[in-house]
Amino acid sequence: MAAKTLWELLWDYDPNGLVVVDTDMRIKVVNPSFCAMFRCNEESILGQDAGSLLGDITDFQEAWEGNKVITGKEQAYPQYDLYVREVIFPIRDEGIIGCIVVDLSHDWHQQQELHQLKQATLERVSQVVNKQMKVAQEIAELLGETTAETKVSLLKLREILEQES
């Protein structure tokens with residue numbers, strides 16, 4: 001077996017998923033990182049319709065038809081618990097479309113957890129404020145009652161004092 005070239009080694013060890021499709025949107029080549037991300041093996045997906053694995057492939061078609069590079073496109077693949085940024089580019093001379101898939105799942109999950117923590121904190125603060133308002137209203141009600149009782153008592157005392165004089 002011949003030694004792998006530098007490009008083959010880079011392809012094999014790149015942490016980003018790499019996939020190449022032809023103009024019929026059939027998967028031609030994938031690297032090991034892509035297979036790990038999409039929980040598949042190379043042999044089973046080569047030649048398959050890219051849409052069967054990736055779902056919506058309109059960006060691939062748009063890149064080819066418009067002869068343009070689509071960068072920074074973020075995409076969720078919930079069935080694979082995967083959130084990625086994709087760079088899709090046509091290679092006209094070869095009749096193929098390449099896609100670099102950068103896994104952002106870890107950061108995305110952290111953002112989701114932080115968002116949930118913020119929501120829970122806001123809910124808890126709201127509950128505390130509501131409880132404080134309720135207690136303040138109860139205190140005000142009690143103060144109002146005792147003030148009224150004090151006023152009645154003072155009026156009776158005044159009345160008694162006025163009768164004595």
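A: Two strands pair if DSSP finds at least two bridges between them. Helices (H or I, at least four residues) and strands (E, at least two) are DSSP runs, numbered from the N terminus. The model is predicted: local features need pLDDT of at least 70, side-chain atom pairs count only at pLDDT 80 or more, and totals for chains, interfaces and linings use all residues. Residues are numbered from 1 along each chain as its sequence is written, and side-chain values use heavy atoms, with hydrogens and water left out.

Q: What is the strand order of the open sheet, and what is the sense of pairing?
A: The five strands run in the order β2-β1-β5-β4-β3, with antiparallel pairing. The edge strands, β2 (27–30) and β3 (70–77), each pair on one side only. Neighbouring strands of the sheet are turned by 25° against each other on average, direction ignored. Axes here are lines fitted to C-alpha atoms, for helices over the stretch in contact, and angles run from 0 to 180 degrees between N-to-C directions.

Q: What makes β4 and β5 a pair?
A: The pairing rule asks for at least two bridges. β4 (residues 82–91) and β5 (residues 96–103) have eight, in the antiparallel sense. For P90, the bridge partner in β5 is I97.

Q: Which strands does helix α5 touch?
A: Helix α5 (residues 58–65) packs on the sheet and touches β1 (17–22), β3, β4 and β5. Contact means heavy atoms within 4.5 Å. The direction of α5 makes about 25° with that of β4.

Q: Why do D59 and K73 count as a salt bridge?
A: The term needs a side-chain nitrogen of Lys or Arg within 4 Å of a carboxyl oxygen of Asp or Glu. The side chains of D59 and K73 meet at 3.2 Å, N to O, so the pair meets that definition. D59 sits in helix α5 and K73 in strand β3, 14 residues apart. The structure holds four salt bridges.

Q: Is D59 buried or exposed?
A: Buried means under 20% relative accessible area, exposed over 50%, partly exposed in between (1.4 Å probe, protein chains only). D59 is at 14%, so D59 counts as buried. K73, at 31%, is partly exposed.

Q: What makes R85 and E74 a salt bridge?
A: Their closest N and O atoms are 3.0 Å apart. The pair links strand β4, holding R85, to strand β3, holding E74. R85 is at 34% and therefore partly exposed. E74, at 35%, is also partly exposed.

Q: Where do R158 and E162 lie?
A: Both are in helix α6 (residues 105–164), four residues apart, about one turn of the helix. R158, at 52%, counts as exposed.
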